[in-house]
Amino acid sequence: MYPYLPKNRKILYVKPDNRFMREATKLLKKSGCLKQSTAAVVVKNKRIIGRGANAGKRVDVCPRIVHNCPTGTGYEYCKDVCKQEGHAEVMAIRDALKKTKDLQGASLYLDGHWWMCKPCWDEIIRVGISRGYLRKDSMELYKK
């Protein structure tokens, strides 16, 4: 069910001018997604250690739109048609894990969406990231 929020977790919000959120916002331009561009950064000890976007092959028309997929569904098209390797959160985590194996206590900042899905939350929790941040205005900007 969406929006999903794991037990004992909460989404925190920061202003768009937060320095880490600004970095996530810059990455939105690198996303290959036509429907919902997202970008994330992983921060530990006040340093960005991972960056990711839901980049994939650019297509002229989003297959999720063509197939009228409700929010939270149709992600198989992202992988099969658009060659997306993962959501921004997962891509940022993968990037961070190339630099360090210890993400305990890190934070993740996501721009481009108003929630983090269950598979992304599962990965965030698995690697030990403590906090997930969204833009304070994400609900108004991105909820569709």
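Among contacts (heavy atoms within 4.5 Å) that link residues at least 6 apart in the protein's sequence, 70% join residues at least 24 apart. The model is a predicted one: local features need pLDDT of at least 70, side-chain atom pairs count only at pLDDT 80 or more, and totals for chains, interfaces and linings use all residues. Residues are numbered from 1 along each chain as its sequence is written, and side-chain values use heavy atoms, with hydrogens and water left out.

As for the overall build, the protein has 6 helices and 5 strands, taken as DSSP runs (helices H or I, at least four residues; strands E, at least two) and numbered from the N terminus. Read from the N terminus on, the order is β-α-β-β-α-α-α-β-α-β-α. The radius of gyration, taken over C-alpha atoms, is 14 Å, close to the 15 Å from the globule rule (2.2 Å times the number of residues to the power 0.38) for 144 residues, so the protein is as compact as a globular protein of that length. Along its principal axes, the C-alpha trace spans about 40 × 30 × 30 Å.

What share of the 144 residues counts as buried? The figure is 50%, where buried means under 20% relative accessible area (1.4 Å probe, protein chains only).

To zoom in on one spot, leucine 97 sits in helix H4, which covers residues 88-99. Leaving aside residues up to four places away in sequence, leucine 97 touches Leu103, Arg126 and Val127. With valine 127, leucine 97 has a C-alpha separation of 9.0 Å, and the two are 30 residues apart along the chain.
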